[in-house]
Structure formats: structure tokens, C-alpha cells
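Here is a friendly briefing to read with the model open beside you. Take one topic at a time and find each part on screen as you go.

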Amino acid sequence: MTLQQLKYFIEITKSGSISKAAKCLHIAQPSLSIALRDLEAEIECSLFSRTSTGTYLTREGEEFFRYAKQIIEQMDLLEMRWSTGKRGRPRLHIMSNHYAFAVKAFVSLIKKDDSMQYDYSFREGRTFDIIEDVKTMRSDIGVLYKDRWSQGVIEKVLLENNLEFHMLFTAKIYVLIGAQHPLAEKEYLTVEDLAGLPRISFEKSDYNVLYATENETIAKEYPNAKDHRPPVRKNISVGDRDTMVRILRNINAYTIATGHQGLDLYGDGLRVLPFRSKDPNFIIEVGWISQKNRLLEGQALRYIEELEAVSKECGTEL
């Protein structure tokens with residue numbers, strides 16, 4: 001088994017067909033087919049189910065994909081960290097839930113950095129992906145939240161993966177809508193106000209374990225009394241913040257946020273309103289995670305300082 005075979009396998013998975021993958025890899029389709037056949041022969045199982053509509057992972061293929069992806073990502077990290085010309089550069093890699101305040105802290109860090117060269121990255125994703133990133137050291141720090149529904153699962157997963165959670169602040173739920181929204185002038189919103197409105201949520205990851213976001217928090221707190229289904233019947237999934245903002249500015253939809261931290265990054269045309277929960281004491285905990293036995297230093301510590309500063313400026317409770 002070679003790294004090249006794993007890269008070929010991952011590309012076939014992403015492309016959904018061997019022919020498309022061959023074009024992306026700039027190799028002949030027969031060569032790619034042979035490489036896949038040799039890989040399947042070596043591990044003695046079929047990784048794909050081939051149909052007239054495309055190539056799909058088998059159950060064994062799904063498990064193999066998770067391991068292969070981790071190996072390739074670790075190789076990419078090695079190359080990024082130790083390739084000639086990058087050693088000695090200040091480096092920092094962050095992954096966060098879709099939080100404007102985390103971006104604001106990252107921007108503040110960069111503005112204060114007068115280094116001649118550095119290697120920084122900031123990515124956004126779902127809770128499971130953040131935990132995976134920090135566990136595999138693709139990210140130095142992860143920013144996420146937990147509430148009374150997700151707390152048990154998240155703490156269990158963190159413990160199993162030797163990660164620890166550091167709380168930044170507690171927050172209540174807020175609703176983000178466009179300034180043109182009919183509800184924009186209200187002092188607060190309730191689940192009854194949101195019933196029937198399109199909800200915008202960020203796309204889920206490939207895993208079903210931790211689909212934790214504030215949007216699901218409200219859905220779980222307010223099941224329909226008759227059929228016990230969440231009241232959200234119109235959902236719009238997006239992959240980035242800019243798309244979300246554009247939709248909110250033009251459609252009477254809503255999304256859920258943890259407050260007003262860094263709201264200026266969204267630009268004009270939006271309103272943030274408190275969400276009045278049935279439980280007046282309901283809060284969520286927002287914080288950052290890191291590996292337990294890893295000593296953070298340099299830019300990682302500076303980013304944490306920026307996170308704490310942004311949280312204080314926004315009037316949140318540390």
C-alpha cells in the first residue's frame with residue numbers, strides 16, 4: 001500500500017467516478033483502475049460499489065476513507081511544517097464553528113504581527129471536524145460550543161481523544177435576520193415568531209455524531225407537541241458566511257447565533273435580536289480546545305489572548 005494509492009482512492013471518492021478522478025489527477029483512466037484494483041486486492045475487500053450512475057463507497061470503503069484521509073492530511077502537515085523555506089516561520093492553524101468573534105480575534109492577531117513571513121490558516125466547520133482537526137494536529141486550537149444536550153457527548157469525545165475544553169464565556173441564544181425582515185423591530189423573538197420561516201444552517205460534515213450548532217439547539221428545545229418533530233420545516237444549507245449574509249439580506253429567513261460578538265464583520269443590513277427561551281436560565285458555553293499534553297506557545301498563546309480580549313469587549317462573561 002502506497003501514499004499514491006491512498007491519494008488516488010481519496011480522489012475517486014471525491015469525484016464519484018474513476019473517469020472524473022483520472023482527469024483531475026491527470027493520469028490515464030486504465031492506470032487509475034489498475035491502481036484501485038491492486039489496492040482492493042491487497043486489503044482483500046471492495047472499496048467501491050460501481051453502478052451506471054457512479055462509484056459509491058461500500059461500508060468497508062467508508063471506514064477505509066476515514067483512515068486514508070487522516071494519513072494523507074498528516075503527510076500534508078509534515079510537508080507544510082518541514083519543507084524547505086517554511087521552517088522557522090511563525091505558524092498558527094485555527095478551526096472554529098462559524099463565529100464572527102473568532103475571525104475578529106484572528107484578524108487582530110495578524111494586524112499586530114510584523115513578521116517578515118508566517119504561515120497562518122483559519123477554517124470554519126462543524127464540531128466533529130474541529131475535534132478531528134485538533135486531535136490530528138492539523139489545527140492548533142479549535143473554537144466550539146457545548147450546551148446541555150451536546151455537553152455529555154462532546155466531553156466524552158474530548159476525553160477519549162486526550163483533548164481539553166477551556167471556556168471563554170457563556171452566552172444566550174440570539175437570532176440573526178435581515179434589516180428588512182418584518183420581525184426586525186421586535187425587542188426579542190420566540191419560537192412562535194420563527195415558526196414557518198426558512199432557517200439558514202451551515203452544511204453538515206460527513207459524520208452524524210456531532211451535528212452540534214445553535215440551530216439544532218433551538219430545534220431540540222421546542223419539539224412539536226403532536227408529533228415530536230422539530231418545528232423547522234424550511235431549511236437552507238450554506239457552506240460559508242458570505243452566502244448566509246446575502247440570503248439574510250434578501251429573504252425573510254433567520255439563523256441562530258451566540259450573541260453579537262464581531263457582528264461588524266457581517267456588514268450592514270442585518271439585525272441581531274435576543275431569543276427568549278422557555279428556560280430563562282438556558283445558556284451555552286463557548287470555548288477553545290487543544291491537546292492536553294501539548295504545550296501551546298508563540299502565536300497560539302497570542303491568539304488565545306485575542307479571543308479573551310474580544311470576548312470581554314463584547315460584554316460576555318469569562
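**A first look around**

His26 lies in the loop between α2 (18-25) and α3. This is a predicted model, where local features need pLDDT of at least 70, side-chain atom pairs count only at pLDDT 80 or more, and totals for chains, interfaces and linings use all residues. Residues are numbered from 1 along each chain as its sequence is written, and side-chain values use heavy atoms, with hydrogens and water left out.

The protein has 11 helices and 12 strands; helices (H or I, at least four residues) and strands (E, at least two) are DSSP runs, numbered from the N terminus. Buried residues make up 47% of the 318 residues. Here, buried means under 20% relative accessible area, exposed means over 50%, and partly exposed is in between (1.4 Å probe, protein chains only). Of the contacts in the protein with a separation of 6 or more, 76% are between residues 24 or more positions apart; a contact means heavy atoms within 4.5 Å.

**Loop residues with a positive phi**

- Most residues other than glycine have a negative phi.
- His26 has a positive phi, near 60 degrees, and is not a glycine.
- With a relative accessible area of 72%, His26 is exposed.
- Glu44 also has a positive phi, of about 60 degrees, without being a glycine.
- Glu44 sits in the loop between α3 and β1 (48-51), and its relative accessibility of 71% counts as exposed.

- Helix α1 (residues 3-15) packs against helix α3 (residues 29-43) at an angle of about 110 degrees, with the axes 10 Å apart.
- That makes α1 roughly perpendicular to α3 (angles under 35 degrees count as roughly parallel, over 145 as roughly antiparallel, 65 to 115 as roughly perpendicular and the rest as oblique).
- Axes are lines fitted to C-alpha atoms, for helices over the stretch in contact, and angles run from 0 to 180 degrees between N-to-C directions.
- Which residues meet? Gln5, Tyr8, Phe9 and Ile12 in α1 meet Leu32, Ala35, Leu36, Asp38, Leu39 and Glu42 in α3.

- An open sheet with mixed pairing is formed by five strands, in the order β4-β3-β5-β12-β6; two strands pair if DSSP finds at least two bridges between them.
- β4 (119-124) and β6 (163-171) are at the edges with a single partner strand each, so one side of each has no neighbour in the sheet.
- On average, neighbouring strands of this sheet are turned by 20 degrees against each other, direction ignored.
- Three bridges join β3 (residues 91-96) and β5 (residues 141-146) in the parallel sense, and Met95 stands opposite Gly142 in β5.
- Helix α6 (residues 127-135) packs on the sheet and touches β3, β4, β5, β6 and β12 (284-291), with its direction at about 145 degrees to that of β5.
- Because seven of its nine residues are buried, α6 is largely enclosed by the rest of the structure.
- Among the buried residues of α6 are Phe128, Ile130, Ile131 and Val134.
- Met137 follows α6 and has a positive phi, near 65 degrees.

**The three-strand sheet**

- A second open sheet has the order β10-β7-β11 and antiparallel pairing.
- β10 and β11 (270-274) are its edge strands, each pairing on one side only.
- Neighbouring strands here are turned by 35 degrees against each other on average, direction ignored.
- β7 and β11 are joined by five bridges, and the bridge partner of Leu176 in β11 is Val272.
- Helix α10 (residues 241-250) packs on this sheet, touching β7, β10 and β11.
- Thr255 is found in β10 (residues 255-257) and is buried, with a relative accessible area of 3%.
- The side chain of Thr255 reaches the backbone oxygen of Ile200 at 2.8 Å.

**The nonpolar cores**

- A nonpolar core is a set of buried Ala, Val, Leu, Ile, Met, Phe, Trp, Tyr and Cys residues joined through side-chain atoms within 4.5 Å.
- In the largest core, of 38 residues, Leu92, Phe101, Ile141, Val175, Tyr303 and Leu307 touch the most other members.
- A second, separate core of 18 residues includes Leu6, Ile10, Ile12 and Ala22.

Methods
Polar contact = N/O pair within 3.5 Å; in protein donor to acceptor, adjacent residues only side chain to side chain.
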